[in-house]
2 protein chains.
Amino acid sequence: MKRDNIAAPVINRLPKYYRCVDDLYRSNCIRVSSSTLSERLGFTASQIRQDFSCFGEFGQQGYGYNVKKLRYEIQEILGMNNGFSAILVGCGNLGHALIRNFDFKRAGFELKAIFDSRPELVGAEMEGHPVRHVDTLKDYAAAAHPDVAVMTVPSDAAQETAELLAASGIRGLWNFTNRDLRLDDKGIQVENVLFSDSLMVLCYKISDDEY
Amino acid sequence: MKRDNIAAPVINRLPKYYRCVDDLYRSNCIRVSSSTLSERLGFTASQIRQDFSCFGEFGQQGYGYNVKKLRYEIQEILGMNNGFSAILVGCGNLGHALIRNFDFKRAGFELKAIFDSRPELVGAEMEGHPVRHVDTLKDYAAAAHPDVAVMTVPSDAAQETAELLAASGIRGLWNFTNRDLRLDDKGIQVENVLFSDSLMVLCYKISDDEY
């Protein structure tokens with residue numbers, strides 16, 4: 001499997017492939033053609049074959065893809081089988097919603113610990129996790145080496161929290177704060193979740209009706 | 001301005017353009033070149049010029065783009081100046097987080113009403129909005145004609161809620177339920193917010209380090 005020099009747009013399509021193939025797997029589908037994947041995903045069949053070919057060969061011309069094998073290969077490419085762990089910082093409404101409802105395991109992560117700074121939350125339980133004080137985060141990370149942190153703190157605590165997490169050896173930030181983080185030289189990976197982008201696309205789509 | 005036959009990937013890039021240009025506008029920048037936009041966005045300058053050209057001409061060769069005009073044009077393309085209204089259904093943790101923190105106005109919408117079905121919430125106030133019973137949604141929509149609905153109901157209420165909203169004349173669904181909605185014949189636009197995609201991309205990025 002090749003991982004070098006894969007273009008960002010290909011990488012950004014992989015989760016969509018994974019969700020589609022995982023759905024097929026869960027509905028006991030054994031084999032799937034690139035044209036069926038094309039229909040379900042809205043990408044052209046040749047686009048799909050080309051994307052997959054970036055990672056080496058795992059389809060057989062004319063026979064389609066073995067769903068179980070394809071699913072496993074995409075998991076491998078995405079790194080979902082590495083047993084990564086996550087912590088969450090900021091147990092407000094959004095943090096609570098993720099702790100309660102988000103399927104971390106399906107995305108390849110185990111949620112190990114949650115942190116907040118508010119005295120009224122620290123020490124309480126949230127969905128089975130004790131809420132730890134953010135002051136203990138560095139010591140926790142030194143002992144447990146979590147891989148990524150979910151940042152659901154208020155916007156004005158974003159930069160400070162990101163710096164604490166970077167200094168604690170966290171390798172990836174899943175950033176819900178709607179703030180750009182300045183961590184250029186710290187070798188930490190950041191993915192921003194920007195709700196507004198999809199709402200603006202929806203805005204475009206309903207405007208279209210009026211023309 | 002042309003709106004027909006614009007490819008989906010171009011449309012999906014528009015919110016990123018908008019956020020970038022809006023940031024420039026807010027920091028009092030007057031004029032910006034496609035090469036500066038390129039640096040900030042990570043797209044090539046020729047990609048940017050090509051994307052913008054889909055909507056007609058609004059740059060001057062060699063002079064870059066007038067930021068204020070460009071911002072307004074992207075707002076117009078996205079339909080953000082149409083005075084669209086939104087309602088929100090499902091005032092759980094995620095709904096509450098959006099009501100409290102999400103800047104609907106910046107994305108071109110006004111949040112007008114919120115709904116839930118839980119007796120302990122109905123009639124209460126949440127961030128200044130009275131929580132209405134979902135049974136009153138259809139009557140509300142018939143009178144107020146909201147344009148889009150934010151769906152933050154539990155997953156197992158997703159399909160039923162989507163059908164109610166479609167039957168109430170809502171034109172766009174901003175779907176946070178993590179369920180695919182089956183509304184093919186109802187002419188309603190749907191944008192799904194799928195948290196997991198960006199977490200999987202983050203998974204890929206931190207895996208990369210290990211190879």
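1. In this predicted model, H5(A) and H5(B) pack at an angle of about 155°, with their axes 7 Å apart. The two helices are therefore roughly antiparallel to each other (angles under 35 degrees count as roughly parallel, over 145 as roughly antiparallel, 65 to 115 as roughly perpendicular and the rest as oblique). Axes are lines fitted to C-alpha atoms, for helices over the stretch in contact, and angles run from 0 to 180 degrees between N-to-C directions. Helices (H or I, at least four residues) and strands (E, at least two) are DSSP runs, numbered from the N terminus.

2. The crossing of H5(A) and H5(B) is left-handed; a crossing has this hand if the near helix is turned anticlockwise from the far one by less than a right angle, and is right-handed if clockwise. Which residues meet here? From H5(A) come A:Asn93, A:Leu94, A:His96, A:Ala97 and A:Arg100, and from H5(B) come B:Asn93, B:Leu94, B:His96, B:Ala97 and B:Arg100. Contact means heavy atoms within 4.5 Å. By class, the contact of H5(A) with H5(B) has 4 nonpolar, 4 polar and 2 charged residues (Ala, Val, Leu, Ile, Met, Phe, Trp, Tyr, Cys and Pro count as nonpolar, Asp, Glu, Lys and Arg as charged, and the others, Gly among them, as polar).

3. Chain A is superposed on chain B by a rotation of 180° with 0.0 Å of shift along its axis (RMSD 0.0 Å). That is the relation of a two-fold axis. In chain A, the C-alpha nearest the axis belongs to A:Asn93, at 2.3 Å from it. Both copies use the same surface, since 100% of the contact residues of chain A recur in chain B. The superposition is by least squares on the C-alpha atoms of residues with pLDDT of at least 70 in both copies.

4. Chain A holds an open sheet of 7 strands in the order E5-E6-E4-E3-E7-E8-E9, with mixed pairing. Its edge strands are E5 (125-126) and E9 (189-192) of chain A, each of which pairs on one side only. Two strands pair if DSSP finds at least two bridges between them. Strands E7 (residues 148-151) and E8 (residues 172-175) of chain A run parallel and are joined by 4 bridges; in E8(A), A:Leu173 is the bridge partner of A:Ala149.

5. Helix H5 (residues 93-101) of chain A also packs on this sheet, touching E3, E4, E5, E6 and E7 of chain A, and its direction makes about 150° with that of E3(A). Helix H6 (residues 137-144) of chain A lies across E3, E4 and E6 of chain A, running at about 155° to E4(A).

6. How do H1(A) and H2(A) pack, and at what angle? Helix H1 (residues 8-26) and helix H2 (residues 34-41) of chain A meet at about 110°, with their axes 11 Å apart. H1(A) and H2(A) are therefore roughly perpendicular to each other, and their crossing is right-handed. Residues of this contact include A:Tyr17 and A:Leu24 of H1(A) and A:Leu37 of H2(A).

7. On conventions, residues are numbered from 1 along each chain as its sequence is written, and chains are lettered from A and ligands numbered from 1 in the order in which they are written. Local features need pLDDT of at least 70, side-chain atom pairs count only at pLDDT 80 or more, totals for chains, interfaces and linings use all residues, and side-chain values use heavy atoms, with hydrogens and water left out.
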